[in-house]
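Welcome, and please get your viewer ready for a short walk. We will go from one selection to the next and say what is there at each stop.

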Amino acid sequence: MKRPVVGLLVLVVLATPVVAGAQQTPLQTRLAKALRVPHVAPARSAAVALDLATGTVLFTQNPGLSLAPASNEKLPLTYAALTTLGPTYRIETDVLGEGEQDGTTFSGTLVLRGGGDPMLSTAGLRSLAAQVRAYGIRRVTAGIVADESYFDSRRMVAGWKPSFFIDESPPLSALVVNRARVGRTVTRSPALAAATAFRTALRSAGVVVDGTVKMGRVDEFARPIAQVESPTLAAIIRFMDRESDNFTAELLLKQLGAVSLDRGTSAAGASVVMQALAEAGVPMAGVRIVDGSGLSRLDRLTANALAATLKAAWADPTVKSAFVAALPVAGVNGTMEDRLRKPPARGRVLAKTGTTSDASALSGYVSTRFVFTVLQNGHPLSYWWARRAQDRFVRVLAAQ
């Protein structure tokens, strides 16, 4: 879906610099001062502030500097998902039968096929089991097959620290139930665990299952028997952005690749995100999308690109409502619940946070007046001072 007019306007606006050495306005002076804190190097920090109504650049600092974005990586993903799939998009999980039904006995295998739903839970499996029983099946003779082939089998993404696997995200798969939790542990075999849990749900529903649970792929001639759908994409991204959930981001990235390019890989999804940004006129110099969460040390964004993404989302009526509603609200909810809790920022700042050991970021909107982004890198970076600079920057804008 191309939006050349909006994209062109964004690109022109962000290409207009605040000239170095020029007389600063009082607002620019206050914003620059807000960013000056100990242990955060100005040379490795970037910021942009725009007037939403006019598109006027109010402030820039290193706007084209390519920096690690931390969880601000989820903003381009959110925009691309909404423009590519739409806010009402839902993800299916299916049960298909391979075999023949004779009375109440299904002589064959039931296949649980995942579609990449990050929200799939035991309740969904119970619904599927109830549908199998309602289909007239009381016995399955040849077990359950888990089909996770909609995505590739990579459980993490290039550039992740080894500790991020499990600690920051459960294993990635097109078929995951309860975020891969089995009891008190996270399983390394999420699809097999999902099919095992489905067998349990079937038995609880009064369907006897003989045979084993195994991995496989559904036959093209299998018959559809049951289906559940995820919440809407708008609801999924609201959870993802408010809680900064890495697992959801990575599954949505693969979803984009699977839907758009027939390749359920992180790399394919990343190329879809890059294309969506380019079509919106987002300046792509210095931008590298590798994952959806921002955990990869290979990710790079610029303040220009983030500000342009926020501006494009605001200007697109098909995207704006879901995009803005997904952002945490200062002093109210999500990752902003304990930040900017006093007026004038409380309740008026909607922003995506981002924190790793090497990066900190805050980008979003101040009411209906301003777009802003602050990106800071360091090895290591003092996240306390970085957040203080971000919050001071936003308070200056909120006070206007």
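How many nonpolar, polar and charged residues does the lining of the largest pocket have? By class, the lining has four nonpolar, four polar and seven charged residues. Here Ala, Val, Leu, Ile, Met, Phe, Trp, Tyr, Cys and Pro count as nonpolar, Asp, Glu, Lys and Arg as charged, and the others, Gly among them, as polar.

Before the next click, a word on what you are viewing. This is a predicted model, in which local features need pLDDT of at least 70 and side-chain atom pairs count only at pLDDT 80 or more, while totals for chains, interfaces and linings use all residues. Residues are numbered from 1 along each chain as its sequence is written, and side-chain values use heavy atoms, with hydrogens and water left out.

**Stop 1: the pocket**

The largest pocket holds about 280 Å³ of space. Select Arg113, Gly114, Gly115, Ser149 and Tyr150: of the 15 lining residues, these are the closest to the pocket centre. On a 1 Å grid over the protein atoms alone, a pocket is an open set of points where a 1.4 Å probe fits, with protein on both sides within 12 Å along at least five of seven lines; lining residues have an atom within 4 Å of a point. Grid points are joined across faces, edges and corners, and the volume is the space filled by probe spheres set on them.

**Stop 2: the whole chain**

Zoom out and colour by secondary structure: the chain has twelve helices and 14 strands. These are DSSP runs numbered from the N terminus, with helices (H or I) of at least four residues and strands (E) of at least two. The radius of gyration is 23 Å, close to the 21 Å from the globule rule for 400 residues, so the chain is as compact as a globular protein of that length. That radius is taken over C-alpha atoms, and the rule is 2.2 Å times the number of residues to the power 0.38. Along its principal axes, the C-alpha trace spans about 85 × 40 × 35 Å. Buried residues make up 54% of the 400, where buried means under 20% relative accessible area, exposed over 50%, and partly exposed in between (1.4 Å probe, protein chains only).

**Stop 3**

Select Leu350 in strand E12. Is Leu350 buried or exposed? Leu350 is buried, because its relative accessible area is 17%. Leaving out residues up to four places away in sequence, Leu350 touches Val324, Leu327, Pro328, Val329, Ser363, Gly364 and Tyr365; contact means heavy atoms within 4.5 Å.

Now go to Gly334, in the loop between helix H11 (320-325) and strand E12 (349-355). Gly334 is partly exposed, at 21% relative accessible area.

**Stop 4**

Most residues other than glycine have a negative phi, and most peptide bonds are trans. Pro344 is also in the loop between H11 and E12, and the bond from Pro343 to Pro344 is cis, with omega near 5°. Another cis bond joins His379 and Pro380, with omega about -10°; Pro380 is in the loop between strand E14 (370-377) and helix H12 (383-398).

Finish with Ile166 in helix H5 (residues 164-167), where phi is positive, about 80°. Asn178, in the loop between H5 and strand E7 (181-182), has a positive phi near 55°.
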